[in-house]
Amino acid sequence: MREKIRLILAGVAALAALSGCGGGSTINNGFVRLVNATSEFATLDLYQSSTELTSGTASYAVGGYAGVNHATYTFNLNAGGSSATAATLSGAVDKKNYYTIVAYTTGGTLTATYLSDNEGAPSSGTAKLRLFNTDSADVGGVDAYLLTSACANLPATPAAALASAVTGLQAAYTQVNAASGGTAYHLCVTAAGYKTDLRLDLPLLTLVQGQIVTVILARSSG
């Protein structure tokens with residue numbers, strides 16, 4: 001059966017405001033959050049070694065940022081409420097910078113990727129967008145299109161792909177037109193090279209000038 005995929009948006013547009021929030025922030029802190037891009041884990045908890053940073057990040061959801069002192073850490077992921085480590089990874093945290101740990105399953109095993117959320121601002125009148133295909137083992141590479149009309153019209157349009165043959169994390173963001181009040185798009189994700197093989201149809205993706213967004217594609221049943 002053809003694999004379907006679903007989407008999670010991890011935006012980084014409002015990071016500057018976060019650094020002043022909460023009583024635990026210090027000038028030497030960096031900030032780390034978790035994305036649970038799995039259907040197998042109803043919730044996930046994030047630990048720095050044995051210290052819990054965040055808990056209960058739901059399936060297909062984005063957790064909040066936790067502040068940690070700048071250093072290199074081992075991060076552990078546990079199924080919600082469990083004391084057993086389901087996955088582990090390491091990452092360096094620089095002060096005043098932001099990072100996202102994306103947890104996903106591949107080959108039935110929980111794994112995670114450590115991403116930097118630190119990206120230069122888009123040009124005026126644009127937003128920045130990149131894709132992270134976490135399920136290339138099952139769905140292969142994918143192409144992505146942004147349309148102002150429905151994805152059903154894709155095969156008949158001359159639209160060029162925003163991203164082509166994506167099998168993991170895109171190396172660079174793509175700048176797309178975005179108004180200050182928001183520009184509405186249809187996001188259409190297809191099997192690489194086939195406009196008629198639609199794997200994801202998102203009828204409304206609104207991008208606002210200045211936004212920086214990572215679109216995380218994860219396996220879905222159906």
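This is a predicted model: local features need pLDDT of at least 70, side-chain atom pairs count only at pLDDT 80 or more; totals for chains, interfaces and linings use all residues.

Me: OK, what does the secondary structure of the chain come to?

Reply: Two helices and 17 strands. Helices (H or I, at least four residues) and strands (E, at least two) are DSSP runs, numbered from the N terminus.

Me: And how much of the chain is buried?

Reply: Buried residues make up 45% of the 222 residues. Buried means under 20% relative accessible area, exposed over 50%, and partly exposed in between (1.4 Å probe, protein chains only).

Me: Which residues of β11 are buried on each side?

Reply: Thr126, Lys128, Arg130 and Phe132 are buried on one side, and Ala127, Leu129, Leu131 and Asn133 on the other. In a regular strand the side chains alternate between the two faces of the sheet. Eight of the eight residues of β11 (residues 126-133) are buried, so the strand is largely enclosed by the rest of the structure.

Me: Which strand does β11 pair with in the antiparallel sense?

Reply: That's β14 (residues 174-177), over four bridges. Two strands pair if DSSP finds at least two bridges between them. Thr126 stands opposite Asn177 in β14. β11 also runs parallel to β17 (residues 212-220), joined by six bridges, and there Asn133 has Leu217 as its bridge partner.

Me: Switching topic: what order do the strands take in the open sheet?

Reply: The four strands go β13-β12-β15-β16, with antiparallel pairing. The edge strands, each pairing on one side only, are β13 (163-166) and β16 (198-207). Within that sheet, two bridges join β12 (residues 142-147) to β13, and Ala144 has Ala163 in β13 as its bridge partner.

Me: Now Pro122. Where is it?

Reply: Pro122 is in the loop between β10 (109-116) and β11.

Me: Buried or exposed?

Reply: Pro122 is buried, with a relative accessible area of 13%.

Me: What does Pro122 touch?

Reply: Not counting residues up to four places away in sequence, Pro122 touches Ala127, Lys128, Gln175, Gly210, Gln211 and Ile212. Contact means heavy atoms within 4.5 Å. The C-alpha atoms of Pro122 and Tyr173 are separated by 9.6 Å, with the two residues 51 apart along the chain.

Technical notes
Residues are numbered from 1 along each chain as its sequence is written. Side-chain values use heavy atoms; hydrogens and water are left out.
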